[in-house]
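Colleague: I'd like to learn how to read a few features of a model like this. Could you walk me through them?

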Amino acid sequence: MKFHELAEENRSVRRFRETERITGQQLLTFIDASRLAPCGANLQLLRFTPVTSGENCARIFPALRWAGYLDDWNGPVEGERPSAYIIIHAPVGERGHIPVDVGIAAAYIVLAARESGYGSCMIMSFDVNMITEAAGTKEGYHPFLVIALGKPGEETVLEEADGDIRYYRDAKDRHHVPKLALREIIVPVKD
Ligand SMILES: Cc1cc2nc3c(=O)[nH]c(=O)nc-3n(C[C@H](O)[C@H](O)[C@H](O)COP(=O)(O)O)c2cc1C
């Protein structure tokens, strides 16, 4: 698949076919892609926890906050929940490059997952204590981002934003994601 096509296809997915599991080996291939990503000063400070078992996924799920713009939806119901997670840990107290490094690492993971037919959603709104309790973390690190993964169980629609960037669901339960047009994000150089 060409890169632009992959980027177009790679919408965040929040409803999955939960019974279709992802192997730990598969998650490692996504993490291995992010290992090759650029990072500030090549320090490679991030650490990753792959989670695949139903039991461990059930411990992660209650800590997550889903889709802030969808007021009448409290997250995926049983049977539609993620079948795996990757938790990205960052060193406590480190600032500077870290948020950028996490974003790049996460982008590599979700694109590698999408290329293999899996959907994902990056989740930054979560209960840190619950995630640490459920998944553990390395000494001196804290969980920075959770990536939910699974076989997509919802249809997504990419569209051009018309004044409102909030995602929404239509009458057919499809998830729409409005993106600004290219012309709206270009800042021309000064004459
Ligand atoms: C840094 C970051 C944090 C996010 N946190 C959450 C979150 O806590 N919960 C959630 O449901 N989605 C979360 N998302 C997903 C965004 O809502 C999603 O990327 C955005 O609506 C655009 O949709 P798209 O990914 O399909 O382009 C997050 C995405 C990013 C990049």
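Modeller: Gladly. Let's begin with a term: a residue counts as buried under 20% relative accessible area, as exposed over 50%, and as partly exposed in between. Keep in mind that this is a predicted model.

Colleague: Is Ile186 buried or exposed, then?

Modeller: Ile186 has a relative accessible area of 53%, so it is exposed. You will find Ile186 in the segment after helix H6 (182–185).

Colleague: Which residues form a nonpolar patch on the surface?

Modeller: Ile186 belongs to that patch, together with Tyr69, Ile165, Leu180, Leu182 and Ile185. Their accessible area together is about 610 Å².

Colleague: Now the inside. Which residues have the most contacts in the largest nonpolar core?

Modeller: They are Phe30, Ile86, Ile88, Ile147 and Leu149, in a core of 24 residues. At least two residues of this core come from each of helix H2 (24–35), strand S2 (84–91), helix H4 (98–115) and strand S4 (141–150). H4 gives the most, with nine residues.

Colleague: What is Ile86 in contact with, leaving aside its neighbours within four places in sequence?

Modeller: Its partners include Leu27, Phe30, Ile31, Phe48, Ile109, Ile147 and Leu149. Another core, of 20 residues, lies apart from the largest one, and among its residues are Cys57, Phe61, Ala63 and Val146.

Colleague: You mention a cysteine. How many disulfides does the structure hold?

Modeller: First the general idea: a disulfide is a covalent bond between the sulfur atoms of two cysteines. Here there are zero disulfides.

Colleague: Last topic: backbone angles. Which residue has a phi of about 55°?

Modeller: The general idea is that most residues other than glycine have a negative phi. Gln44 has a positive phi of about 55° although it is not a glycine. Gln44 sits in the loop between H2 and strand S1 (47–51), and its relative accessible area of 43% makes it partly exposed.

Colleague: And where does Ala67 lie?

Modeller: Ala67 lies in the loop between helix H3 (54–60) and S2. Its phi is also positive, near 45°. With 7% relative accessibility, Ala67 counts as buried.

Notes:
Residues numbered from 1 in each chain as written. Predicted model: local features only at pLDDT ≥ 70, side-chain atom pairs only at ≥ 80, totals over all residues. Heavy atoms only, no water. Patch = residues over 30% accessible without salt bridge, like charges linked within 9 Å, V, L, I, M, F, W, Y side chains within 5 Å. Areas by Shrake-Rupley, 256 points an atom, 1.4 Å probe, with all protein chains shown as cover. Salt bridge = Lys/Arg side-chain N within 4 Å of Asp/Glu carboxyl O. Helix = DSSP H or I, 4+ residues; strand = E, 2+ residues; numbered from the N terminus. Buried < 20%, exposed > 50% of the residue type's maximum accessible area, 1.4 Å probe, protein only. Core = buried A, V, L, I, M, F, W, Y, C linked by side-chain atoms within 4.5 Å. Contact = heavy atoms within 4.5 Å. Disulfide = S-S within 2.5 Å.
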